[in-house]
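Student: Before we look, could you help me to see how the words used for a structure follow from the values behind them?
Tutor: Gladly; let us take one term at a time.

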Amino acid sequence: MIGSTAVVILIGTYPYYGSNAYVLSLLGKFLCFAIFALSIDLIWGFTGILSLGQAVYFGIGAYLVALSLKINYALTHPTRYGGKFPDFMEWNGLTELPRFMTPLISTPIAVICALLFPTLLAFLFGVITFKRHIYGVYCAVITLAESLILQDFIIEYQAYTGGFNGITDYSNYGTPAFLWFILAVVVVFFIVARALTHSRVGTVLKSIRDNDVRAEFMGYNVANYRIFVFCVSAFMAASAGALYAAWVGIVSFLDAGPVFSIEGVIWTAVGGRGTLIGPFIGTFLVKGAEFFLSGALAQWWQIIVGSLFIFVVLVLRDGIVGSVANWIRARKKKTTLHQVMEESDRTAHDQQLDWRPAGVPESDEAVR
Amino acid sequence: MGSLLEVKGLTTRVSGFTILNNLDFSIEQNELRVLLGPNGAGKTTLICMITGQFRPVAGSIHFAGRDITGWAPDEIFQAGISRKFQVPNMYETLSVHDNIMVSLQGRRRVFSTLFQRLSGQERNRIWEILEFVELADKASDAADSLSHGERQWLELGMLIASNPKLLLLDEPTTGMTEEGKRKTAELIRKIAKTHTVLLVEHDMHIVRQIGQRITVLHQGQLLAEGPIAEVMNNETVRRVYLGKGKFQ
């Protein structure tokens, strides 16, 4: 508690004691990424839904805010040819702001859209997949496809999205006050996530992660719980995207694509899924290392991140935070070697009796 | 008042193979019924049909006066049927205590569980159940640290927590030691005092220990039904199930 308050103050006051603008911009960026990772942790770490398309919600949130800022910027900064609408639209042959984009001139409406659209989309996605009992690998593949589609859509409709160039050149909120705002949102989401995962719903979500068949036969409508948490998570990701667009001042199709989605999954895995600080630590470590080391190791960086992921999956299954917690727990118990061996004997014995994977109620033979 | 559970003309096929064939079957309130049958007789399938895991090709299932044929598993649970799987099936990373808590009778919808807190009554109930299945001293351990037998008992505890009208127990003693089996039988007998139970069991010792009425299935059809002594002496039953080696 004290530790986290200290961290918040340390980050929030950075603009007043540090003068490195680069580090300052990175801080805000990382905080947005951390919210994004937290949103992945909610569905993956706590509910067991692996989404490889979480960037869709981040991306839509980011694009809507960036569009709004860009449209407003263009109103006061006419293009070279005198148009009072975003320059990339002019380059692509539009002569005025498309009608359906006019509501985005109002900042509150843009923000509401940026948060609501992704949540609604997540709801639709959830109804389509979870209600039909699609989850696990299939869900991962569908979400991956989802983010590929969005990425292609952005590139294809460049008159409305800026295409490959993304949306740039608008007045962003790069002030210390906005860093405080991002921090506040981080804190609020952290508290919300904590309340959620420690509530009765959280316990149900974890039981769905552990054994969805059992939960279903215990009267829980598993699909509804999945849809609920998926929407909460999409809302978080969208907020992260909206803040990101406002802070950084550039949004590109990469922010909605599969690579960014998977990066988020890696941060969560490295930090420790199923824990709340894990995603924060993972994001700051991996992303931080990327920014400070990629200068020296530019060509190798992708390989390093990939290997890191494989290492975490193979060795540190619970990520950094989870592994440390396990280690502390083991030390507390002060298990002797003898006890450990006895325990492993017992599990080996159990596994011989209980060789079927969880959730598979019976073999073919038993059914007949 | 009719039977608690009434299965009529139930037929099911899986990839062309008829597993249950026009099965009629019923259980009265407060009964402890044992379901017997050789491998492949359709015992587990019957349980899967009752709990909504599979849909029947023909026939109907009535429970407590309502037609539950084709309902989803969670709806059937809410109607009052809880099921124990053959293999212990619980939430591995949750603590023993939380496993029971999630199973407690009560509201199951997303928004009603969102702000729900444990009442004092529920807290007591959890501990009562933990005492009952003798896992109280392991309440805060993760469920996957339990031994095989303890897992089976935990799942029994979870079923009791949900306070169903009908418990379906699918071979709850699978893979247990003799000692464990005895204890399980004891638990089931105690549960049966206050609940209606349908027990699938292979072990004849256990059946003799707790069985009252027995139903024997064979090739998806009802072969015999009646008090234990009567069924055990039935010629057909002995031939297909008990004394395979004696004939031919």
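Student: What makes helix α4 of chain A roughly parallel to helix α7 of chain A?
Tutor: Bear in mind that this is a predicted model. The axes of α4 (residues 55-76) and α7 (residues 137-156) of chain A cross at roughly 30° and come within 9 Å. Angles under 35 degrees count as roughly parallel, and therefore α4(A) is called roughly parallel to α7(A).

Student: Which residues make that contact, and how do they divide by class?
Tutor: From α4(A) come Ala55(A), Val56(A) and Gly59(A), and from α7(A) come Glu146(A), Ser147(A) and Leu150(A). By class, the contact of α4(A) with α7(A) has 3 nonpolar, 2 polar and 1 charged residues.

Student: Why are helices α6 and α7 of chain B described with the words roughly parallel?
Tutor: The axes of α6 (residues 148-161) and α7 (residues 178-194) of chain B cross at roughly 5° and come within 11 Å. With the limit for roughly parallel set at angles under 35 degrees, α6(B) is therefore roughly parallel to α7(B).

Student: What residues does each of these two helices bring to the contact, and of what classes are they?
Tutor: On the side of α6(B) there are Gly149(B), Gln152(B), Trp153(B), Leu156(B) and Ile160(B), and they meet Gly180(B), Thr184(B), Leu187(B) and Ile191(B) in α7(B). The contact of α6(B) with α7(B) has 5 nonpolar and 4 polar residues, but no charged residues.

Student: Which domains does chain B have, and how many residues of each are in contact?
Tutor: The domain assignment of chain B gives domain 1, made of 1-80 + 164-248, and domain 2, made of 92-162. The centres of these two domains of chain B, taken over C-alpha atoms, are separated by 26 Å, and 11 residues of domain 1 are in contact with 10 residues of domain 2. On the side of domain 1 of chain B that touches domain 2, α7(B) gives the most, with 4 residues. The residues of that side of domain 1 divide into 6 nonpolar, 5 polar and no charged.

Student: How do you know that the radius of gyration of chain B agrees with that of a compact globule?
Tutor: A compact globule with 248 residues would have a radius of gyration near 18 Å, and chain B has 19 Å, so the value agrees. The C-alpha atoms of chain B fill a box of roughly 60 × 40 × 35 Å along the principal axes, and the chain holds 10 helices and 10 strands.

Student: What makes α1(B) mostly covered?
Tutor: A residue is buried if 20 or more other C-beta atoms lie within 10 Å of its own, and in α1(B) 8 of its 8 residues are buried. Among them are Lys43(B), Leu46(B), Cys48(B) and Ile50(B). For chain B as a whole, 45% of the 248 residues count as buried. Just after α1(B), Gly52(B) takes a positive phi of about 85°.

Student: How many residues of chain B are in contact with chain A, and which elements give two or more residues to that side?
Tutor: 36 residues of chain B are in contact with 32 residues of chain A. The elements of chain B that give two or more residues are β2 (17-27), α1 (43-50), α2 (73-79), α3 (96-103) and α4 (110-114). The residues of this side of chain B divide into 15 nonpolar, 16 polar and 5 charged.

Note on methods:
Residues are numbered from 1 along each chain as its sequence is written. Chains are lettered from A and ligands numbered from 1 in the order in which they are written. This is a predicted model: local features need pLDDT of at least 70, side-chain atom pairs count only at pLDDT 80 or more; totals for chains, interfaces and linings use all residues. Axes are lines fitted to C-alpha atoms, for helices over the stretch in contact, and angles run from 0 to 180 degrees between N-to-C directions. Angles under 35 degrees count as roughly parallel, over 145 as roughly antiparallel, 65 to 115 as roughly perpendicular and the rest as oblique. Two residues are in contact if their C-beta atoms, placed from the backbone, lie within 7 Å. Ala, Val, Leu, Ile, Met, Phe, Trp, Tyr, Cys and Pro count as nonpolar, Asp, Glu, Lys and Arg as charged, and the others, Gly among them, as polar. The radius of gyration is taken over C-alpha atoms; the globule rule is 2.2 Å times the number of residues to the power 0.38. A residue is buried if 20 or more other C-beta atoms lie within 10 Å of its own, exposed if 12 or fewer, and partly exposed in between; C-beta atoms are placed from the backbone. Domain bounds come from an automatic or database domain assignment.
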